[in-house]
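Please look through the sequence and the model below before reading on.

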Amino acid sequence: IHANIDDAKIDQCMSDSGGLEEDEENALLEVQLTAKDKSGVVILPAMYVNRVSIRGSLEFPTVFKAICSGYFTGTAPDVCATCDTCPDIKSCISNGYCGSKKLQESVSTMNMVYALAGLSAVFCLFSFIQHRRYERQMQAQVKGIIAEYMPLDQNQMQNTAVSDEDDIEFT
């Protein structure tokens, strides 16, 4: 009464298919069981994809992979390649990408590797340039120190070594 179902029709259907009073076969149930046996469905639930029976657990990933594997190589839709290895296939199909929105908007691993390699190359180049600059500065300072303490002119030769002729006594 609550679902607006006619009780008389239900009683008539049960009576026509074998009834409840006698120990008779249920005709509707027998038709369904015969159809099940003819179609090859042995374990319920079962489903067919490209004339191949999928039996047992009909979870979404299993059915999705069965449908995608039915395509010839190179003819599968993009969603098969995109969502095949995704852990959450349902959200991948509905969103059009694998993973979260935040992950899709982030920098990819390869871009990060390229950026770090480029940054390392720039750092190495800068270090090399600074090293050469410090070498030149150091050479200039050493030459300046040597020029300041040991002036060498072509006209003036200085002998700074102590010799026996100097008559200098060291004690």
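Is Cys13 buried, exposed or partly exposed? The model is a predicted one, and in it Cys13 has a relative accessible area of 39%. Buried would call for a value under 20% and exposed for one over 50%, so Cys13 counts as partly exposed. Cys124 has 52% relative accessibility and counts as exposed.

Other cysteines are paired. A disulfide is a covalent bond between the sulfur atoms of two cysteines. Taking sulfur atoms within 2.5 Å as the cut-off, the count comes to 2 disulfides.

One of them joins Cys68 to Cys80, with an S to S distance of 2.0 Å. The angle about the S-S bond is -80°, and the link of Cys68 and Cys80 is left-handed. Where do Cys68 and Cys80 lie? Cys68 belongs to helix H3, which covers residues 60–69, and Cys80 to helix H4, which covers residues 78–83, so the bond ties together parts that are 12 residues apart in sequence. Cys68 is buried, at 14% relative accessibility. Cys80 is buried as well, with a relative accessible area of 7%. Both values fall under the 20% that the term buried requires.

The disulfide between Cys83 and Cys92 has an S to S distance of 1.9 Å. With -80° about its S-S bond, the link of Cys83 and Cys92 is left-handed. Cys83 and Cys92 are both buried.

Helix H2 runs over residues 27–39 and holds 13 residues. From its first C-alpha to its last, H2 reaches 18 Å, which is close to the 18 Å expected at 1.5 Å a residue. An α-helix has 3.6 residues a turn, so residues three or four places apart point the same way. After H2 comes Gly40, and the phi of Gly40 is positive, near 90°.

The strands remain. Strand S1 takes in residues 46–49 and strand S2 residues 52–55. In which sense do S1 and S2 pair? Their pairing is antiparallel, over 4 bridges. Within this pairing, Val49 stands opposite Val52 of S2. S1 and S2 form a hairpin, and 2 residues sit between the strands. In that turn, Asn50 has a positive phi of about 55°. A positive phi was also given for Gly40, the residue that follows H2.

Terms used:
Residues numbered from 1 in each chain as written. Predicted model: local features only at pLDDT ≥ 70, side-chain atom pairs only at ≥ 80, totals over all residues. Heavy atoms only, no water. Pairing = 2+ DSSP bridges. Expected span 1.5 Å × (residues − 1). Buried < 20%, exposed > 50% of the residue type's maximum accessible area, 1.4 Å probe, protein only.
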